[in-house]
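Walk through this structure one chain at a time.

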Amino acid sequence: MDILWGQGTPLTAREVGKLISDRDLAPTTVMTVLDRLTRKGFLTRTRDGRAWRYQPVRSRDAYVAELMLEALDLTGDRTAALTRFAQAVSDDEAAVLRRALMELEEE
Amino acid sequence: MIAAVALALLSIGCVVAAWRLPSARWTWRAPRTAILLWQSIGLTWGLASTGALLAYALQPYGQGVIYGLHSHLSSVLSLGPDSNLTYDLSRTIALVAGLALLAVLIGVLLAALWQTLRARQRHRELLALVAREDPHVPGVRILDHPGATAYCVPGLRSEVVVSAGALRLLSRDELAAVLAHEDAHVRERHDLVLLPFAALRRAIPWARVVREAQSSVALLVEMAADDRARRHCSPRRLATALLRFGAAGSLPAPQGALGAGGDVMARVNRLISPAAELPRLFRYGVVALSALLTASAPLLWAMPH
């Protein structure tokens, strides 16, 4: 995934395999992984001769943003999917908390 | 008739208790005990409400709800629809309403469970794609985002996630306190405690009692995790971490959701100046009450009159 994000152009499985230089991966392994990512909807692929060219559906930042939205409970659907350390607070409340923090640190 | 009346009273009693309990402050001094009480109130309310309707409907059989349902089912199956003719209208309505309520409650729980598992699965897949590990904080997934957040994705293999913004925000001791807090959530499976309350709140978002019940339980769960975390870290660092998160947050609170600022202050005050523990007798009393409540509805379901 990182390689596809880094390149910015659609790549074939063979090209991805070449770019994974640090590990000696079998071409079929790369193909399996790419295929699985496609089925989960993270990649799209287009025909290019006899091979498939793979491309990320969304950018890395978009996924990070999606995770953050869920983490901050801003998605609006209140499932108990995650347990958070602290929830979002309003501006006024944040000011109160900032004062309390200053008092605690002065002590 | 006694069973039906007793179940109806029990159901009303649970609603009154759920209405009063959020304003009780002793719960903050013994969050675990209070959570137990909340769970038994929730369970008993469900069983008592459905049980009251069914007990009234099946009273002619004189065998209680469980055996009554069985007898009714077998008589309907063996005699066909004619057997309903001997049945008066109000009891038929009660039977349908009771069974429908039971089905809705179970359905809502299962739907919430399914949605939650799916949301977690998606979250995990995304984490596997974009989160990174850091040798300085082993066992924690790091999300490269300037916003401050720390949370855990519960499950058989729970994952604790901290954002890069949170790492910058917190000192080393504070981070350790936050991780101890998340670890407490993981160990005590607090997500399972929250699930039924969150499910009910989603199902009937206009009911104030349910809304307040859910937020009370959510706060108690956080307090229970704070209590466990303070055994392993400085409560003061946990408090400053909490305040730092809140103060840095200043994100618009999601629509329709109250900001949690009051809750944060309550948690901070508890950590800085803890109140005396509740008397043992009182705690045991609450536990005994919870056990009695939990047992009462099933017993009344089985009671033959």
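**From one bridge to two chains**

T46(A) has R53(A) as its bridge partner in β3(A). β2(A) and β3(A), the latter covering residues 51–56, are antiparallel and share six bridges. This is a predicted model, and the details that follow should be read as such.

Step back to the whole sheet in chain A. Three strands make up an open sheet, ordered β1-β3-β2, with antiparallel pairing. The edges belong to β1 (11–12) and β2 (43–48) of chain A; each has a single partner strand, so one side of each lacks a neighbour in the sheet. Strands of a sheet pair through backbone hydrogen bonds, in either a parallel or an antiparallel sense.

A helix accompanies this sheet. Helix α3 of chain A, residues 27–39, lies across β2 and β3 of chain A. Its direction makes an angle of about 120 degrees with β2(A).

Now take chain A as a whole. It holds five helices and four strands. Along the sequence they come in the pattern α-β-α-α-β-β-α-β-α. The chain has 107 residues, of which 31% count as buried. Among its contacts with a separation of 6 or more, 33% join residues 24 or more positions apart.

Turn to chain B. Its secondary structure consists of 11 helices and four strands. There are 305 residues, and 41% of them count as buried. Here 72% of the contacts with a separation of 6 or more link residues 24 or more positions apart. The C-alpha trace of chain B spans about 75 × 45 × 30 Å along its principal axes.

Look next at strand β4 of chain B, residues 159–163. How many of its residues are buried? Five of the five are, so the strand is largely enclosed by the rest of the structure. In a regular strand, side chains alternate between the two faces of the sheet. Both faces of β4(B) are covered. E159(B), V161(B) and S163(B) are buried on one side, and V160(B) and V162(B) are buried on the other.

β4(B) also has partner strands. With β2 of chain B, residues 137–143, it pairs in the parallel sense over four bridges. Within that pairing, I142(B) has V162(B) as its bridge partner. With β3 of chain B, residues 150–153, the pairing is antiparallel, and four bridges join the two strands. There, C152(B) stands opposite V160(B).

β3(B) and β4(B) form a hairpin with five residues between the strands. G155(B), in that hairpin, takes a positive phi near 155 degrees.

The helices of chain B come next, with α7 as the link. Helix α4 of chain B, residues 89–130, and helix α7 of chain B, residues 190–203, have axes that come within 9 Å and cross at roughly 110 degrees. α4(B) and α7(B) are therefore roughly perpendicular to each other. On the α4(B) side, the contact is made by V108(B), L109(B), A112(B), L113(B) and T116(B). From α7(B) come L195(B), P196(B), A198(B), A199(B), L200(B), R202(B) and A203(B). By class, this contact has 10 nonpolar residues, one polar and one charged.

α7(B) also meets helix α8 of chain B, residues 208–229. Their axes come within 9 Å and cross at roughly 165 degrees. That makes α7(B) roughly antiparallel to α8(B). The crossing is left-handed. α7(B) brings H190(B), V193(B), L194(B), F197(B), A198(B), L200(B) and R201(B) to the contact. α8(B) answers with V210(B), R211(B), A213(B), Q214(B), V217(B), A218(B), V221(B) and A225(B). These residues divide into 11 nonpolar, two polar and two charged. A198(B) and L200(B) of α7(B) take part in the contact with α4(B) and also in the one with α8(B).

Finish at a loop. S23(B) sits between α1 (2–20) and α2 (31–57) of chain B. Is S23(B) buried or exposed? It counts as exposed, because it has 9 C-beta neighbours inside 10 Å. S23(B) is 189 residues from E212(B) in sequence, yet their C-alpha atoms are 9.5 Å apart in space.

How values were computed
Residues are numbered from 1 along each chain as its sequence is written. Chains are lettered from A and ligands numbered from 1 in the order in which they are written. This is a predicted model: local features need pLDDT of at least 70, side-chain atom pairs count only at pLDDT 80 or more; totals for chains, interfaces and linings use all residues. Two strands pair if DSSP finds at least two bridges between them. Two residues are in contact if their C-beta atoms, placed from the backbone, lie within 7 Å. Axes are lines fitted to C-alpha atoms, for helices over the stretch in contact, and angles run from 0 to 180 degrees between N-to-C directions. Angles under 35 degrees count as roughly parallel, over 145 as roughly antiparallel, 65 to 115 as roughly perpendicular and the rest as oblique. Ala, Val, Leu, Ile, Met, Phe, Trp, Tyr, Cys and Pro count as nonpolar, Asp, Glu, Lys and Arg as charged, and the others, Gly among them, as polar. A residue is buried if 20 or more other C-beta atoms lie within 10 Å of its own, exposed if 12 or fewer, and partly exposed in between; C-beta atoms are placed from the backbone. A crossing is left-handed if the near helix is turned anticlockwise from the far one by less than a right angle, and right-handed if clockwise.
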